[in-house]
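Please look at the sequence and the model below before reading on.

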Amino acid sequence: MTRIQLTDGGPTFSRLVAGVWRLREWGMDSRALLDFIHGCLDLGVTTFDNADIYGGYTCEALFGAALAAEPSLRGRIELVTKCGIQLVSDNRPANRVHHYDTGRDHLVAAAENSLRQLHTDTLDLLLIHRPDPLMDADEVAEAFGALRAAGKVRHFGVSNFMPWQFHLLQSRLDFPLVTNQIELSVLHLDPLHDGTLDQAQRLRTPPMAWSPLAGGRLFDPWDERAARVRAALEAVGQEVGGAGADQVALAWLLRHPARILPVLGTGKLERVRAAAAAEAIALDRQQWFTIWEASAGREVP
Ligand code: NAP
């Protein structure tokens, strides 16, 4: 599998990333999770995407237990996690309302907690999970600087930021934000047209795409738009030698010049294997636009 460096001097990640948002739903014990991680590594998927809030603040610990059971794995994988969202949860009794906190103290404490949960002493990448209307960019820069100087976090980025929010935070940092992790798929076209991918390309900062299969909605038999897009994906799949709709949907993302890294959400190794094969599918422009048209429900102007 191709590896991609996120900006000059940034981390190098596998082109496909394994996301563990749904880890608790997978119901895996530590052994099954280790098998899944090893299976990903065998396919060249070495980067794992987490967040403090996943599974109601439980997924990092589940993943960390697997790392603790096999410590040599840590050197073979890249760990991404996120912070800044505060959920109302039994695991956070002080939270009275769902909110964001990008204050210095919270970011440092959240990152340190992620290190403990994940049984590691350094994170490869820490992302601000959502843009915070109260974000003080100077404070975020202070937190990032402290975590970086202490060797607790190697690289920093953001998630779900609009270009101007990315620009604001970057203006306070003397090192590059290495990615913006955004929602992007054949059923979510906004970043193609709202400046997000233009900024990523201008800065040579490859974006990570979450829900690259629209969170499974692509396969919903009752969703009319999804059915239309699936039909287009299947037709293109036939043209490229019998690829599945999931593979063509990923190849459609990989075709973009911003060098997108899809963050897969499956817990099934055979689906990761199919996804890995999507790298070999080269869509031409007319195939790419056929899929865009099926999603948008109209031709390009
Ligand atoms: P996704 O890959 O678009 O969706 C995964 C869902 O689709 C799973 O329920 C999976 O079920 C199903 N699926 C996958 N392939 C399928 C197929 N061929 N046929 C039928 N169903 C299929 O990704 P996602 O889980 O929504 O998100 C991926 C990752 O992005 C998350 O794990 C997380 O790391 C990250 N994320 C980030 C943010 C953010 O704000 N930054 C937000 C959401 C997610 P199975 O498990 O049964 O395969």
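Which pocket is the space taken by the ligand? That space is the largest pocket. A pocket, on a 1 Å grid over the protein atoms alone, is an open set of points where a 1.4 Å probe fits, with protein on both sides within 12 Å along at least five of seven lines.

## Basis of the model

The model is predicted: local features need pLDDT of at least 70, side-chain atom pairs count only at pLDDT 80 or more, and totals for chains, interfaces and linings use all residues. Residues are numbered from 1 along each chain as its sequence is written, and side-chain values use heavy atoms, with hydrogens and water left out.

## Ligand contacts

Oxygen atoms of the ligand lie 2.9 Å from a polar side-chain atom of Asn-160, 3.3 Å from a polar backbone atom of Pro-212 and 3.4 Å from a backbone N or O atom of Gly-267. Taken alone, the ligand exposes 920 Å², and the protein buries 87% of that (Shrake-Rupley method, 1.4 Å probe).

## Thr-47

Thr-47 is part of strand β4, residues 47-49 (a strand is a DSSP run of E, at least two residues). Thr-47 counts as buried because its relative accessibility is 0%, where buried means under 20% relative accessible area (1.4 Å probe, protein chains only).

The Thr-47 side chain makes a polar contact with the side chain of Glu-78 at 2.6 Å. Such a contact is a pair of N or O atoms within 3.5 Å; within protein, one must be able to donate a hydrogen and the other to accept it, and residues adjacent in sequence count only if both atoms are side-chain atoms.

Key. On a 1 Å grid over the protein atoms alone, a cavity is a set of points where a 1.4 Å probe fits but cannot get out, and a pocket is an open set with protein on both sides within 12 Å along at least five of seven lines; lining residues have an atom within 4 Å of a point. A molecule sits in a cavity or pocket if more than half of its atoms lie within 2 Å of its grid points. Helices (H or I, at least four residues) and strands (E, at least two) are DSSP runs, numbered from the N terminus. Buried means under 20% relative accessible area, exposed over 50%, partly exposed in between (1.4 Å probe, protein chains only).
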